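Please read these points with the structure open beside you.

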Amino acid sequence: MCRYQEVVERRKGGSDPAKETLDGLKPKPRSIVQAAKISKATPTQIKKPSVAKITTEKPAAAIDEPATRPSQKYPQVWPRLASDLRFNTLAKHAAVEEREEWYAEHSYYLANISKRASRYIYYILENLEERDMPADLALLPFVESAYDPFAYSHGRASGLWQFVPNTAKHLGIEQNWWYDGRRDVLTATDSALDYLTDLNKRFDGDWLLTLAAYNAGAGTVNKAINKNKKKGLPTDFWSLKLPKETRNYIPKMLALVKIFKNPASYNLTLPSVPNEPHFLKVNTGSQLDLAQAAKLAEISVDELYRLNPGFNRWVTAPEGPHRLLIPREKARLFASRLIKIPARDRVRWQQYKIQRGDNLVSIARRHHVDVATLRASNQLDSDVLQVGHVLLIPDAGNGVSPLKDLNRGLASTNASRIEYKVSSGDTISGIANKYGVTSKQVFAWNKLSSESVIKPGQKLIVWGKAPQHSDKGIIRKVGYKVRDGDSLSVIASRFNLRIRDILEWNSIKTSQYLRPGQSLTLYVDITHADL
């Protein structure tokens, strides 16, 4: 019991909060390895989840529903997870207790992530159970991405499971202008569990070494093991000299295992998440406008994107995957409506009359599509255009991208909350410029009208230094540390940014040299960054 648990128990008058939360829960009998031997378990053969396909009149609106299963023991997901956790036997280390106490003192942080996880946690647990893998791995996205499918790191890792482009390519995950499988809930989860299984075999069933390799790379872990062998030292995780990030990574994961095993003893209140599918997969059969799909399902575009974060554009990819995840209670409604819409009407089109000086590249940029789409949509055999001819171009709908909704609240989620005290001579526009935001944002954050007068001593809330950016993509704030050999042009190229934006966001001049280790703030459109 860590120090924080003791305090909580005293406050509750000596009652056992763990027992109150998990009263009557007993470990489920599983074919998985026993807890006492979990670090040296032999990986079992992968089993893919079975699904029963319910088909309407046409295959273009088929629903993949989980096969009927025996009644489950737990009506809620979190008690089910708690009963299946096994890594707590590996968590007896001072580094774990340190992270455990930090999480316990910041329980609101875990509560917020748990809300985000509620869409995905059941699906991940089901996949782990079908593969006979430890349920503890469902906590890995807490550490990797805070269960944000749009998370993007300074190392260009993306999605719930944080794959970098090279690893994704190695695993066969598709990445193109239309679609990034690293963010796709189904594709990324399947690939992550495949990858973890392979790593676990490589490290003889040792899950701590497996997780270390997932974070730092198998080569890095092997190198550390070989060094210790030559010196006659132990080769367990705690004895290896690994990168600092990896040395912190494992304690974070193990601390989460201890906390989710007994959440109430850490004063952690978890959201209600039924132990049943949150979404169903509907096979669409063709490309589909996502705003239209949301309307058919009677859900918001924002919710549709959070279930289908792999799509970079306002439509699904021409070459697939031709399926959408739809909230379970809306899936049949969506399928029944979609079946009535011909494929040709599932994407809106606009007509563009070719002007003198136009070329495919300029037209594609102007309309936020790629050149290949223009060629395919208009059956062009060459890039030669004739003035006056008309091109068909996919239409995002009134020129507004539904992706913009995913950037609302960017400042509140990704920037710091600043309490600004108004000084004599201050203006709203001046304060906005100082923090790199707009006057309109400052008015909104403080519930002021455009006619409001601010006074010296008045306190205003400003959210960080959020840049003004296009609403055509999904923007994430990324902290980047300058490396040896970096330059502004190299960094701009790496993240598909403009040099002048990097200069503005970080208040630096072109004449200033970048220093290795220097911290930069970048605002990256993750739908373009790795193209």
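1. Glutamate 303 has a relative accessible area of 16% and is therefore buried (buried means under 20% relative accessible area, exposed over 50%, partly exposed in between, with a 1.4 Å probe and protein chains only). The model is a predicted one: local features need pLDDT of at least 70, side-chain atom pairs count only at pLDDT 80 or more, and totals for chains, interfaces and linings use all residues. Residues are numbered from 1 along each chain as its sequence is written, and side-chain values use heavy atoms, with hydrogens and water left out.

2. What does glutamate 303 meet in a salt bridge? Its partner is the side chain of arginine 119, at 3.0 Å from N to O (a salt bridge is a side-chain nitrogen of Lys or Arg within 4 Å of a carboxyl oxygen of Asp or Glu). This pair links distant parts of the chain, 184 residues apart: arginine 119 is in the loop between α5 (107-117) and α6 (121-130), and glutamate 303 is in helix α14 (residues 301-307). Helices (H or I, at least four residues) and strands (E, at least two) are DSSP runs, numbered from the N terminus.

3. The structure holds 17 salt bridges. Within helix α14, arginine 306 and aspartate 302 lie four residues apart, about one turn of the helix, and they form a salt bridge whose closest N and O atoms are 2.9 Å apart. Aspartate 302 counts as partly exposed, at 21% relative accessibility.

4. Another salt bridge joins aspartate 486 to arginine 494, with 3.4 Å between the closest N and O atoms. Aspartate 486 is buried, its relative accessible area being 13%, whereas arginine 494 is partly exposed at 22%. Salt bridges that share partners also join Arg80, Glu126 and Glu129 into one network.

5. The largest nonpolar core has 74 residues (a nonpolar core is a set of buried Ala, Val, Leu, Ile, Met, Phe, Trp, Tyr and Cys residues joined through side-chain atoms within 4.5 Å). Helix α12 (residues 244-261) gives the largest share of this core, nine residues. Phe142, Tyr147, Trp161, Tyr214 and Phe260 have the most contacts inside the core. A second, separate core of 63 residues includes Leu304, Leu360, Tyr523 and Ile526. In soluble globular proteins, nonpolar side chains tend to be buried together.

6. Which residues does tryptophan 161 touch? Leaving aside residues up to four places away in sequence, its contacts include Ile124, Leu137, Ala188, Leu193 and Tyr214 (contact means heavy atoms within 4.5 Å).

7. The structure holds 16 aromatic pairs. Rings of Phe, Tyr and Trp (its six-membered ring) pair if their centres lie within 6.5 Å; planes under 30 degrees apart count as stacked, over 60 as edge-to-face and the rest as tilted. The rings of phenylalanine 87 and tryptophan 207 have centres 6.3 Å apart and planes at 40 degrees, so this pair is tilted. Phenylalanine 87 is in the loop between α3 (77-84) and α4 (94-105) and tryptophan 207 is in helix α10 (residues 207-216), 120 residues apart. Both are buried.

8. Tyrosine 480 and phenylalanine 495 form an edge-to-face pair, because their ring centres are 5.6 Å apart and their planes are at 80 degrees. Tyrosine 480 lies in strand β9 (residues 475-481) and phenylalanine 495 in helix α21 (residues 488-495), so the pair ties together parts that are 15 residues apart in sequence. Tyrosine 480 and phenylalanine 495 are buried.

9. Trp78, Tyr120, Phe142, Tyr147 and Phe260 form one aromatic cluster. Tyrosine 147 is found in the loop between α7 (140-144) and α8 (165-170). Its relative accessible area is 0%, so tyrosine 147 is buried. Tyrosine 147 has a positive phi of about 55 degrees although it is not a glycine.

10. Asparagine 267 also has a positive phi, of about 60 degrees, without being a glycine. Asparagine 267 lies in the loop between α12 and β3 and is partly exposed, with a relative accessible area of 38%. The peptide bond from glycine 320 to proline 321 is cis, with omega near 10 degrees; proline 321 is in the loop between α14 and β4 (323-327).
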